[in-house]
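Thanks for coming, everyone. Let's walk through what packs inside this model.

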Amino acid sequence: MPSDSVIVFLDHAKASRVLFPEQVEQLIRQPDLPHSDLSSLCDYLLNRGVLTRFQSDAIREGRGQDLNYAGYPVLDRVNYSSVGDTYQALHPSLRTPVILNRLSVDALLPGDSPSAYVSRARLFGMLPHPNLVHLLDSGVIQNEIYTVVDQPLDSANLHELIHEVGGAMPGFLAAEYGRAIASAMQTVHERDGVHGDIRPKNLLVSPLTTTNAADGTPRRRPSADAVVRLAQLGTIPLHVAVPAKSLPQDALAFLPVERLHDGVPTTAGDIYSLGATLYYLLTGSSPGSGDTPESVIANLRESPAPELVTLRPDLPVELINLINQMLNQQPEYRPSTMLEVKSTLSQFCRPTTLHVSMPILAVTTLEYQQPPQMTDLQFTQHMPHLEYNTDWTMTENPFSTQDAGNVVPGRRREMTTHEKGKSRRLM
C-alpha cells in the first residue's frame, strides 16, 4: 500500500502540474513503482527522466512549493541571466519550454516601481522583431516581480558556443550576428528604450546542428539557417551604480566604463556592449578581462583591451575600425546610432543573409532604410582570405572563396544600338 507521503506527493504534483495528470495515471500503473517512501520514488522518477535533479532535490528537502511559480511548472535553475533568479519552466498548457525570471523589488532603483518595471517589460519585450526573444508574461507576486520569456527550441547562447566549438568566430558570421542585434536594438532605441546588458550569454542562436569531435564528443554549432535572438530586453533593473560584487563577472566585462559610475543604461552603452560582444566573438575573450570582479572593473577603467588588429589581422580594416569606435571609453566618440552600426556591418555580411533580421512590423512614424546589398563580385573583392575553425558554420566560407589579390575586375560590355533604343523606350 502506498505510503501517505507518496500519495500526498502524487496529488500535489498533479495539482501543481509538476507532473501532468496523464503522467500520474501512467505511473500508478507501473508494477515497479516504489510505494514505501518518497525518497525511493524520487530516485525512480529521476532515473527515468520524469523529474529533473532540481525537482528531485526540492521534493526531498520539502521545498515542493518551489516547483510551481505563477502557474508555471519549474524544471531547473539556470545561471545565464544576471536578473535575479532564473529558471527553466514549462508553459502550463502548451508544455513548451520557457524561461522564468524572478526579481526582488528591492533590486529596483529608488523611485522605480514594480508596476513601472512590468510596463517596461511588456512595452519592449513584446516588440515583434525576429531577432528578439519575446516576452510571454509578466507580473508581481508578493515581493517579487516575474517575467516569462520564450525559449527558442534547440538553442544555445554564444558564450557556450564559443567554448564548445573551440575557436574564435569567422568575421563574416560575427558581422551577421552583430548586424541582426543592431537591427533589433535600432527598433528599441527608436522607441526610447535601452537594453543595458548586451553580452554573449544573452544572445541565443537556433537551430543548431550536432557533430562529433575527433574524440567522439558531441559538439553543437549553428546550422546554415540559424538566427540569433537577443534576450532580457526590458527586464534589466535600473541601478544607481554597479558595485564590484553586484553583477556576475562576465556581465561586468561587457559594460561601458560610465556604467560603473552611473548605473542607468543608455543607447551609447548598448553600442559599447555590442562592440564588446563582437570583440569577444572574434577573439574568444572580452575587453574587460580579469580573475575577479574587482580586477575586471580596474581593467575597464585603466587598461585598454589588446588591439583587435593584432589578434585578428585577417579582418577588414573597416570592421576593426568600427569595433574600436564602438569600444571608445568616451560615449560621444562612439557611433551615434545602431543604424550606423548596422549599415557598416552590412558590408561584411553575405548578401543572402541580409534579409533575415529585417523587422516584421513596419515603423509608420520613422523611415526604415535598407542598406544596399553587395554583389558577389564586390563581396569577394572586399573580403581577404581567412583561416578559422570550419566547425563554426555549415555553409561555404565566403571569406576564402577568393583571395582579394586574385580577384579579376568585371568588364562592362558595350550596349548595342538596339539595346540602347530599347533602354530609352523603357525609361
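First, a term: contact means heavy atoms within 4.5 Å. This is a predicted model, where local features need pLDDT of at least 70 and side-chain atom pairs count only at pLDDT 80 or more, while totals for chains, interfaces and linings use all residues. Residues are numbered from 1 along each chain as its sequence is written, and side-chain values use heavy atoms, leaving out hydrogens and water.

Start with Val 205. Leaving aside residues up to four places away in sequence, Val 205 touches Asp 154, Ser 155, Ala 156, Leu 158, Leu 161, Tyr 177, Pro 222, Ala 226, Val 227 and Val 228.

Now zoom out to the nonpolar core: buried Ala, Val, Leu, Ile, Met, Phe, Trp, Tyr and Cys residues joined through side-chain atoms within 4.5 Å. Buried means under 20% relative accessible area, with a 1.4 Å probe and protein chains only. The largest such core has 60 residues. Val 205 is among the members that touch the most others, and so are Met 169 and Ile 323. Helices H6 (158–165) and H7 (171–189) and strands E8 (203–212) and E9 (218–230) are among the elements supplying at least two residues each. Helices (H or I, at least four residues) and strands (E, at least two) are DSSP runs, numbered from the N terminus. H7 gives the largest share, 11 residues.

How many residues of H7 are buried? 19 of the 19, so H7 is largely enclosed by the rest of the structure.

Last, cysteines. Cys 42 is buried, at 1% relative accessibility. Cys 349 is buried too, at 2%.

Technical notes
Buried < 20%, exposed > 50% of the residue type's maximum accessible area, 1.4 Å probe, protein only.
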